[in-house]
Amino acid sequence: MEEADIGLIGLGVMGENLALNIADNGYKVAVFNRTAEKVETFLNNSGELRANVMGSGDLAAFVAMLKRPRSVIIMVKAGQPVDEVIAELKPHLAEGDVIIDAGNANYHDTVRRFSELDGTGIGFLGIGVSGGEEGARHGPSIMVGGSEAQWKNAEGVLTAISAKFNGEPCCAYLGTGGAGHFVKTIHNGIEYADMQMIAEIYGIMRDGLGMSPEACAKVFTEWNSGPLDSYLIEITGHVLAAMDADSGKPLVDVIVDAAGQKGTGRWSAIEALSLGVSATTIEGAVAARSISAMREERIKGEEIYGAGAKGKATISLEALEKALLAGKIAAYAQGFAVMAKASEEHGWNLPLDAIARIWRAGCIIRSRFLDQIAQSFAGGAGTNLLVQPAFVEMMKDSSAALRAVVATCAINELPAPCLSSALAYFDAYRQARGTTNLTQGQRDFFGAHGFKRLDRDGDFHHEWPSLVEK
Ligand code: NAP
C-alpha cells in the first residue's frame, strides 16, 4: 500500500531521530534498515507517533510503502555504505523518484553520485544535516544541494522538520551538485576551530591561572549571556561543571585529553588548501586534534622539556572573553572565505547570508553571532567578514585582547595553536605591505619564476649572480 510521504533508510542515532521528527510533523514515514530487527524495535518504540510510522526489513516491501514519485532519505554511515545502499535501492526505483543522502558525505563523493545517477531518471539530493541526536529529533539545520526541481519535491518535509529561528526555517537550497555537503563540511571545520579555541581558553584558565573546573564553568556560563552566547559555550559550562560519580572528581579531570575526529574537519582544511584560501585557524584545529592523539609522545615530551609555567599567567578574564570573540571572527572569516571561493570555482552562487541564517538554530555552531553574520552578508555584501562594518568594530575592540592572550600563552609555554593562528591571520590580512616580495626574489633567483614590480606593469626577471662553485 503506497501511503508513506517519504522513506528513510538507516536507523542509527541520526536516522531514528530524523524519522520520529518527520512523523512528529504530520508526515507518514516508512523506514528500512540493513539489520532488519531494528525496524521492528523502532516501530514498537515509536509510541504516540506509531500511526505515522511504518517500515519493513525487506527493501522491496519498504519501497512499496512509498507514495510516487518516491523520496528516500539515506542516513547511513558515510562513504562506501552509501554507495552500497544506492546500488541496492536503484533497481526498486523508477523515473522521477529522488534519493536524498543526508549523511556527512565528502562532497566529491556527492558529485560522483550525481554523475552516476545522471541519465537514470532517478534524482539525487546531497543534504548536510547538523545538530546531532537532539537536532535530528527536534529540528536540525539542513543544507541542501542538487537540482532545484528535486528540491521543490522535498522542500515541504525538509523545511517542516528543520530547526526554526524566530519562526524562520533553518533549511535552504544552497546550490547544485555537492553544494550542500560542501557547506556542511565547512560548518564542521568552523565547529572544530570554535571548539579548539574554547579548549585553549580553558587551558589558560586551568594551567595559566590555576582555576578549578568549577570556577571555569561559572565563567563560561556567564559568558553565555554576552557576545559569545552560543550552544558551544553553553555546553562548555555544563561539561566543566559535571562531577564524576565514581571518583568524586570533576568529570573533565578524568577524561583522557585525546580528541577523536571523523573527517569533516580535515576535509575543510584540505578543501581550503586546494582552493588556495588561507584557513589556518581551521587547519590549526585539525592539527590540534592530531597532536592530542599522540598522548604517549606528549608525555615523553614533557619529561624532556618540562611543563609550561603553571599558575603564573597574569591575564584578565575579560581579556580571555574578548580574545575568544576575536579568534572566532577570524575563524568564521576563513570558513566563509573558503565557501565564497568554492562557490566561484563551482558556479554554485552560494548565498552566504542564507548559510549564516540556517546556522542560527539547530546546528552545533548555532549562536547569536551567526545572526550578526547573516545581517552583514545580507544582499551579497563582500565576502570576508573582516571587512564587514559590524565586524570591523568588533575586531577593533577585541584584537588587542587576542594579542595579549597569545603573548601570555607564548611566555607561559601554553599551546594556543588556533588563537595564535587567528591573530596571525588577522595581522597578515591587514598588512598592506607584506614580506613575500623577498619570497618572489628567492623564487626568481633559483627558478627564474619572475616577479611583478610596484612601479611598472609587466613580468620581470633579474640577472642574479651564479653561485655555482668553481
Ligand atoms: P552511523 O553509525 O554513522 O551509521 C549507522 C547506520 O548505518 C545504521 O543504520 C547501519 O545499519 C547503517 N550502515 C552501516 N553500514 C552499512 C552498510 N554497508 N549498508 C547499509 N547500512 C549500513 O550512524 P549515525 O551517527 O546515525 O550517522 C548517520 C550519518 O549521519 C553519518 O553520515 C554521520 O556522519 C551523519 N551525522 C551524524 C551526526 C551525529 O551526531 N551522530 C551528526 C550529523 C551527521 P546497521 O544497523 O545494519 O548496522
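Reader: Where is asparagine 349 found?

Author: Asparagine 349 sits in the loop between helix H14 (317-346) and helix H15 (352-358). Helices here are DSSP runs of H or I with at least four residues, strands are runs of E with at least two, and both are numbered from the N terminus. Before we go on: this is a predicted model, where local features need pLDDT of at least 70 and side-chain atom pairs count only at pLDDT 80 or more, while totals for chains, interfaces and linings use all residues. Residues are numbered from 1 along each chain as its sequence is written, and side-chain values use heavy atoms, with hydrogens and water left out.

Reader: What is the phi of asparagine 349?

Author: Start with the general idea: most residues other than glycine have a negative phi, and most peptide bonds are trans. Asparagine 349 isn't a glycine, yet it has a positive phi of about 55°. Alanine 448, in the segment after helix H19 (436-447), also isn't a glycine and has a positive phi of about 50°. As for peptide bonds, a cis one joins arginine 68 and proline 69, with omega about -10°. Proline 69 is in the loop between H3 and E4.

Reader: Is asparagine 349 buried or exposed?

Author: Buried means under 20% relative accessible area, exposed means over 50%, and partly exposed is in between (1.4 Å probe, protein chains only). Asparagine 349 has 66%, so it counts as exposed. Alanine 448 is exposed too, at 53%.

Reader: How many salt bridges are there?

Author: The idea is that side chains of opposite charge can pair when their charged atoms come close. The rule asks for a side-chain nitrogen of Lys or Arg within 4 Å of a carboxyl oxygen of Asp or Glu. By that rule, the count is 25. Take lysine 67 and aspartate 5: their closest N and O atoms are 2.7 Å apart. Lysine 67 is in the loop between helix H3 (59-64) and strand E4 (71-74), and aspartate 5 is in the segment before strand E1 (6-9), so this pair links distant parts of the chain, 62 residues apart. Lysine 67 is partly exposed at 37%, and aspartate 5 is partly exposed at 30%.

Reader: Now the ligand: how many residues surround it?

Author: A residue is near a molecule if one of its heavy atoms lies within 4 Å of it. Here 21 residues surround the ligand, and the closest are Met14, Asn33, Thr35, Lys38 and Glu84. H4 gives the most to this shell, with three residues.

Reader: Which side-chain atoms lie 2.6 Å and 2.9 Å from oxygen atoms of the ligand?

Author: A polar contact is a pair of N or O atoms within 3.5 Å; within protein, one must be able to donate a hydrogen and the other to accept it, and residues adjacent in sequence count only if both atoms are side-chain atoms. An N or O atom in the side chain of lysine 38 is 2.6 Å from a ligand oxygen, and a polar side-chain atom of arginine 34 lies 2.9 Å from one. A polar backbone atom of asparagine 104 is 2.9 Å from a ligand oxygen.
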